[in-house]
Amino acid sequence: MVKEHSVRSFYEDNREEFHLEVLTKGLESKIPITTSDIHRPAFALTGFMENYLYERIQILGETEILYLRSLRPIEHTAAIERLFSRTLCCIIVTKSLEVPDDFLQLAEKNSVPVIRTAMQTTEFIHVLTGQLDYVFAPRTVLHGSLVDVYGVGLLFSGRSAIGKSEIALDLVERGHRLVADDVVEVSKHGNILVGRGRDHLRHFMEIRGVGIINMMDLFGIRAVRIQKRIEVVVRLEDWDPDKDWDRHGLDDHTTDILGVDIRQLVIPIFPGKNITVISEAIALNHMLKVYGIDAAQRLDQQLGNAMESDKKTRRYLKYDNE
């Protein structure tokens with residue numbers, strides 16, 4: 001998880017998308033950006049400092065600028081000095097609003113970069129928060145292969161050399177899409193986990209006995225995608241005849257990734273078993289469950305109803321002496 005983000009990095013990463021321009025002489029700040037939350041300091045400008053969240057990016061929209069313009073010179077100066085009485089990471093002014101000269105002078109004196117965007121305030125806050133949520137999202141790296149199977153992100157895990165890459169290759173050959181092989185970077189967005197490959201390994205795959213192959217070169221752009229939501233973990237394990245494998249699927253088992261419970265299926269591996277077809281069945285069955293259709297529960301219900309019906313019939317026949 002990224003703990004901090006420099007103002008310079010933020011500016012360079014988003015300059016074109018957010019139409020940013022720097023109003024101060026530099027982008028050096030005493031403190032970095034450490035949170036995805038933003039703050040509008042209107043109350044701080046008026047003198048109410050109790051809830052001044054100065055550690056966040058400060059957004060000045062039309063309300064704040066109009067308020068400053070409405071003040072007498074002595075009040076204007078006092079309001080600006082209150083704003084800079086705390087150590088700030090940066091200030092962003094929206095709607096291409098003009099910023100008072102004394103405001104910029106005080107910002108430079110306190111090493112607070114002032115950036116301006118042409119975007120409307122509400123729109124900018126929305127996209128800015130989304131961008132910062134992505135930057136500060138919790139992350140981890142997992143060993144496995146991630147494949148988009150019928151629109152469902154299946155993350156294959158298991159010991160090294162158990163066959164994860166070979167299954168991914170077979171799925172791609174059947175028309176599904178590879179997201180990442182060997183190393184999967186996972187980020188958390190709310191309760192959603194998104195997986196992607198590392199930039200320098202993207203869409204490369206190692207097949208033992210063959211070597212390195214590039215899936216996009218071999219199968220085309222339709223065979224790959226950059227990232228995918230992880231919905232099911234398929235854990236591959238060596239077949240053990242003494243293990244009590246799940247045979248009915250009535251109970252959903254989960255595994256924890258970054259604090260999110262993800263459905264997990266443990267599939268035994270032995271020579272000749274067609275894991276690719278099973279993987280397709282897993283994806284389709286997952287979608288049926290999303291739509292409220294659970295085959296295991298339906299069969300269990302049908303068997304229960306049949307047993308109850310049979311019980312009533314036998315009771316009726318027991319006293320039917322006609």
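I count two strands as paired if DSSP finds at least two bridges between them. Helices (H or I, at least four residues) and strands (E, at least two) are DSSP runs, which I number from the N terminus.

The model I have open is predicted, so to speak for itself: local features need pLDDT of at least 70, side-chain atom pairs count only at pLDDT 80 or more, and totals for chains, interfaces and linings use all residues. I number residues from 1 along each chain as its sequence is written, and side-chain values use heavy atoms, with hydrogens and water left out.

**Hairpin.** I started with β14 (residues 254–257) and β15 (residues 260–269), which run antiparallel and are joined by four bridges. Ile257 has Val260 of β15 as its bridge partner. Two residues sit between the strands, and Leu258 takes a positive phi near 55°.

**Sheet.** Next I traced an open sheet of five strands with mixed pairing, in the order β1-β5-β4-β3-β2. I noted β1 (20–22) and β2 (38–39) as its edge strands, each pairing on one side only. Inside the order, β4 (residues 91–93) and β5 (residues 114–117) are parallel over three bridges, and Ile91 is partnered with Val114.

**Pocket.** Back to β15: what does β15 give to the lining of the largest pocket? I found that β15 gives the most, with six residues. By class, I list ten nonpolar (Ala, Val, Leu, Ile, Met, Phe, Trp, Tyr, Cys and Pro), five polar (the others, Gly among them) and ten charged residues (Asp, Glu, Lys and Arg) in that lining.
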